[in-house]
Amino acid sequence: MEASNSRMQTFGQTEINWDKLDKTKFYVVGAGIFTGVTVALYPVSVVKTRLQVASKDTAERSAFSVIRGILKTDGIPGLYRGFGTVITGAIPARVIFLTALETTKVAAFSMVEPFKFSEPTQAAIANGIAGMTASLFAQAVFVPIDVISQKLMVQGYSGHAKYNGGLDVARKVLKSDGIRGLYRGFGLSVMTYSPSSAVWWASYGSSQRVIWRFLGQGTDLKEVAPSLSTIVAVQAAGGIIAGATASCITTPLDTIKTRLQVMGHEKRPSARQVVRNLIADDGWKGFYRGLGPRFFSMSAWGTSMILAYEYLKRLCVKDD
């Protein structure tokens, strides 16, 4: 029992509970921090999306060729197509996500505690439940933003229509398909992002515990609290592991979802047709189009996001 309390104390020294945070500061400062992270990593999403929607005859079939093509035709701004739309919707979506994540995580830990699972298993289950729940809530805002931004990302590419900004996309989608058009691929988005979020947060929570045990933390009642640099290194490693795991598991669904969302209303392929076309063009490996950029994006984004997130929590702790 004493050893168990020691482990909990060690992990308590590296994690900050939701009820200890200044929520107003958390949301305001967080909006700025996460906007900066999005600016840095957004081009990877553009490249991934173009790879996923490329037709069989498209010359640009690698990430580097896509980047060269974008820079040649549009310069640096081409790597940020749809960015304004994403930032506009990302702030409320992230507020919803983080609030649901933290509140659900507390409830989930209380729920699994009586089962006496190991610390990594408890963390995986509680974080996984929290990640999935948070994603479900956030999709209501995120899916329309995703539809609009992805159409902007691929406009004029591989036969896709051109638009005059996010509002033009929204207007044309509403005119042709109504409100349902903005939620095209909603089911697949939930099927993609909710498991992805669950896998990501479960991997992050459990990998941290495993790493701490590997480092010998939580095994000595007289141990010194880990340094800030050690905490940051462990959190970064957890972010990389989580991003790599989630990207490998969920890329096929993400590819199908992206193709459904960017196809013009005159084509209207079903999910089954998208699957058949991918297999016809590239075989089963077609489902992993854009895996490289998605792998990099989720690992880099995961590491950057979690470090920013944990830093933000330390920054926003209430004064006693």
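## A tour of helix packing and salt bridges

Start by selecting helix α2 (residues 23–53) and helix α3 (residues 63–74): their axes lie 10 Å apart and the helices pack at an angle of about 110 degrees. That angle makes α2 roughly perpendicular to α3. Keep in mind as you go that this is a predicted model.

Now show the side chains where the two helices meet. From α2, pick Val 46, Val 47, Arg 50 and Leu 51; their partners in α3 are Ala 63, Val 66, Ile 67 and Ile 70. Sorted by class, this contact holds 7 nonpolar residues, 1 charged residue and no polar ones.

Next, click on Gly 292 in helix α11 (residues 291–315). Gly 292 is partly exposed, at 47% relative accessibility.

Time for the salt bridges, of which the whole structure has 9. Here are some to visit:

- Asp 74 and Arg 81 pair through their side chains at 2.9 Å, N to O. Asp 74 is partly exposed at 31%, whereas Arg 81 is buried at 18%.
- Glu 102 and Lys 313 have their closest N and O atoms 3.3 Å apart. This pair links helix α4 (residues 83–112) to helix α11, across 211 residues of chain. Glu 102 is buried at 3% relative accessibility, and Lys 313 is buried at 4%.
- Arg 171 and Asp 168 come within 2.5 Å, N to O. Both sit in helix α6 (residues 166–177), about one turn apart. Arg 171 is exposed at 52%, while Asp 168 is buried at 7%.

For a last stop, select Lys 48, Asp 146, Asp 254 and Lys 257, which salt bridges with shared partners join into one network.

Notes:
Residues numbered from 1 in each chain as written. Predicted model: local features only at pLDDT ≥ 70, side-chain atom pairs only at ≥ 80, totals over all residues. Heavy atoms only, no water. Axes fitted to C-alpha atoms, helices over the stretch in contact; angles between N-to-C directions. Helix = DSSP H or I, 4+ residues; strand = E, 2+ residues; numbered from the N terminus. Parallel < 35°, antiparallel > 145°, perpendicular 65-115°, else oblique. Contact = heavy atoms within 4.5 Å. Nonpolar A, V, L, I, M, F, W, Y, C, P; charged D, E, K, R; others polar. Buried < 20%, exposed > 50% of the residue type's maximum accessible area, 1.4 Å probe, protein only. Salt bridge = Lys/Arg side-chain N within 4 Å of Asp/Glu carboxyl O.
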